[in-house]
Amino acid sequence: MLSEENILYIQQISALQPQPVQTKPAALICHHCNYVNETEFLYCTNCGYPLQNKQGSNSYKQRIEQRKTALLKAENAVLAARVVLYIIASFLSLGFFFIFAESNRKYIVVLMALLLSGLFFLLASWSRKNPFPALLTSFIMLIAFSTINIFRSLTISTITFRGITGILICLALLMVILRGLQGAYRISLIKEEL
Ligand SMILES: [Zn+2]
């Protein structure tokens, strides 16, 4: 039998024992970016990933997937624009203009064509590193050239088949460059969010 004194002693001892504390994590670690968040937070402070519920994290994953698809589309648009720039550069370097140029200005025209060809090659390779400024520059240059061409063909009273085809090709190329420009802009936005 335990004496009253002993019972008191045991009670005192057990009072000194560390009480089991409600186990609440000191911090919530984000499953997406490993950022340490405060426990009461619902979303990661660093990346916005849901910390508490599963459903939220599923919709988050869906959003990420959507962005990846959008990124792929935008990148393809930029790629198409770059291909167009290479095509223009190659076309100019082949000296097609030599055939159509008036005989007394042939050399100047060929020189100009080669210069422009080099410029478009540079713009195309620049678009790998900085697609937005490269495509914007190309777009402005092409707009300028097409306007000059349209005005020139307007001054010649007879509208030739070649003239119309030239304008149509110019417009088609401009469209591809414009879509690439749009894509480059989207890429910068999406990459900021991802
Ligand atoms: Zn995070």
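This report walks through the fold, the packing and a few individual residues of the structure above.

**Model and confidence**

The model is predicted: local features need pLDDT of at least 70, side-chain atom pairs count only at pLDDT 80 or more, and totals for chains, interfaces and linings use all residues. Numbering starts from 1 along each chain as its sequence is written. The mean pLDDT of the protein chain (the predictor's confidence in each residue, from 0 to 100) is 82, and 84% of the residues reach 70 or more. Confidence is highest in α4, at a mean of 89, and lowest in helix α3 (residues 96-100), at 60. Where pLDDT is low, the predicted coordinates should not be read in detail.

**Overall layout**

The protein chain holds six helices and two strands, in the order α-β-β-α-α-α-α-α from the N terminus. These elements are DSSP runs numbered from the N terminus, with helices (H or I) of at least four residues and strands (E) of at least two. Of the 194 residues, 13% count as buried. Here a residue is buried if 20 or more other C-beta atoms lie within 10 Å of its own, exposed if 12 or fewer, and partly exposed in between, with C-beta atoms placed from the backbone. Among contacts between residues at least 6 apart in sequence, 52% join residues at least 24 apart; a contact requires C-beta atoms, placed from the backbone, within 7 Å.

**Two helices side by side in a table**

The expected span below is 1.5 Å times one less than the number of residues.

| Helix | Length | First to last C-alpha | Expected span |
|---|---|---|---|
| α4 (106-129) | 24 residues | 36 Å | 34 Å |
| α6 (161-193) | 33 residues | 48 Å | 48 Å |

In α4 the buried residues are Phe120, Leu123, Ala124 and Ser127. For α6 they are Ile177, Gly180, Leu181, Gly183 and Ala184. An α-helix has 3.6 residues a turn, so residues three or four places apart point the same way.

UniProt, in an unreviewed entry, places "transmembrane region" at residues 77-101, 107-125, 132-151 and 163-181. Such annotations use the numbering given here, with shortened feature names, and may be inferred rather than shown by experiment. Residues 107-125 are 100% helix and 0% strand, with end C-alpha atoms 27 Å apart. The span 163-181 is likewise 100% helix and 0% strand, its end C-alpha atoms lying 27 Å apart.

**The nonpolar core**

A nonpolar core is a set of buried Ala, Val, Leu, Ile, Met, Phe, Trp, Tyr and Cys residues joined through C-beta atoms within 7 Å. In the largest one, with 18 residues, Ala81, Leu85, Ile88, Ala89, Phe120, Leu135 and Ile177 touch the most other members. Helices α2 (54-93), α4, α5 (131-155) and α6 each supply at least two residues, and α2 gives the most, with nine. Leaving aside neighbours within four places in sequence, Ala81 is in contact with Ser127, Leu135, Val176, Ile177, Arg179 and Gly180.

**Residues worth a look**

Ala70 lies in helix α2 and counts as partly exposed because it has 15 C-beta neighbours inside 10 Å. Beyond neighbours within four places in sequence, Ala70 contacts Arg186 and Ile190. Ala70 and Arg186 are 116 residues apart in sequence, yet 8.3 Å apart in space, C-alpha to C-alpha.

Ile169, in helix α6, counts as exposed because it has 12 C-beta neighbours inside 10 Å.

Asn34 is found in the loop between β1 (28-29) and β2 (36-37). Most residues other than glycine have a negative phi; Asn34, though not a glycine, has a positive phi of about 65 degrees. With 10 C-beta neighbours inside 10 Å, Asn34 is exposed.

Conventions: Contact = placed C-beta atoms within 7 Å.
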